[in-house]
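This briefing concerns a single protein chain and is arranged by topic. Please consult the sequence and the model shown here alongside the text.

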Amino acid sequence: MIKVHGIQHIGLTVPNMEEAVRFFQTMFGAVTVMECGRVDVDDTFMVRRLGVPAGCRIKDQRVIRCGNGGNLELFEYSGEAEPSKIKRNSEVGAFHLALAVDDAVAAADRLRAAGVDVLDGPTLISSGPMEGLTWVYLRAPWGQYLELVSTTGPMGYEEDGGPKMWSPIGE
């Protein structure tokens, strides 16, 4: 078994770096930790080390951090024949980023007022393992799903006394 200390970063490809960084900074107070810019490598590197088609290149690469927790590594690529659509949450390979906030209801209201596409909710879960969790999904300007979560105390699963999920709140 390999000892893992935690999730260091999540990589996310965006269609427009400036738009993505501005969105995370404006809406969630993200800070830019590192700017790498264009990555100058050949097709062999791109295919064999990153698993992308020949002709694709990293136009820009940056690392941002939202609050207390893992880093978000953003990539903007060139060279794809045509951009693919963001996968629906029901599709294999789809994912979303969940951000812990003090109050998901208040945060959703602020995002809606700012013109962000916030889906129905927030929803408070009142029973079961996720009891006490309030959550709501939203879409970044390029369509990526994000989630806001908040709790007012221990979640239902914590009654069993087993391992607890890591949370950036209170760490």
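F28 is buried, with a relative accessible area of 18%, where buried means under 20%, exposed over 50% and partly exposed in between, computed with a 1.4 Å probe on protein chains only. This is a predicted model, in which local features need pLDDT of at least 70 and side-chain atom pairs count only at pLDDT 80 or more, while totals for chains, interfaces and linings use all residues. Residues are numbered from 1 along each chain as its sequence is written, and side-chain values use heavy atoms, with hydrogens and water left out.

**Aromatic residues**

- F24 and F28 form a tilted aromatic pair, with 6.3 Å between centres and 45° between planes.
- Rings of Phe, Tyr and Trp (the six-membered ring for Trp) pair if their centres lie within 6.5 Å; planes under 30 degrees apart count as stacked, over 60 as edge-to-face and the rest as tilted.
- Both F24 and F28 belong to helix α1 (residues 17–28), where they are four residues apart, about one turn of the helix.
- Helices (H or I, at least four residues) and strands (E, at least two) are DSSP runs, numbered from the N terminus.
- F24 is buried at 1% relative accessibility, and F23 is buried at 7%.
- The search of the whole structure finds eight aromatic pairs; among them, F23 and F28 make an edge-to-face pair, 5.7 Å centre to centre with 85° between the planes.
- One aromatic cluster is formed by F23, F24, F28 and W142.

**Overall architecture**

- The protein chain contains three helices and nine strands, and their order along the sequence is β-α-β-α-β-β-β-α-β-β-β-β.
- Taken along the principal axes, the C-alpha atoms fill a box of roughly 55 × 45 × 30 Å.
- Of the 171 residues, 32% count as buried.
- Among contacts (heavy atoms within 4.5 Å) between residues at least 6 apart in sequence, 54% join residues at least 24 apart.

**Surface and charge**

- The protein chain exposes about 11,200 Å², of which carbon and sulfur atoms supply 52%; accessible areas come from the Shrake-Rupley method with a 1.4 Å probe, and for residues only the protein chains shown count as cover.
- There are 16 positive and 23 negative side chains, and the centres of the two sets lie 6 Å apart.
- Lys and Arg count as positive and Asp and Glu as negative, with His and the chain ends not counted; the place of a charge is taken as NZ of Lys, CZ of Arg, CG of Asp or CD of Glu.

**Arginine 57**

- R57 lies in strand β3 (residues 57–65) and counts as buried at 19% relative accessibility.
- Residues up to four places away in sequence aside, R57 touches V41, D42, D43, M46, E76, Y77 and S78.

**Cysteines**

- A disulfide is a covalent bond between the sulfur atoms of two cysteines.
- With a disulfide taken as a pair of cysteine sulfur atoms within 2.5 Å, the count comes to zero.
- The cysteine sulfur closest to that of C36 is in C66, at 17 Å, so the two are too far apart for a bond.
- C36 counts as partly exposed, at 36% relative accessibility.

**Cis peptide bond**

- Most peptide bonds are trans.
- G121 and P122 are joined by a cis peptide bond, with omega about 10°.
- P122 is placed in the loop between β6 (117–118) and β7 (123–124).
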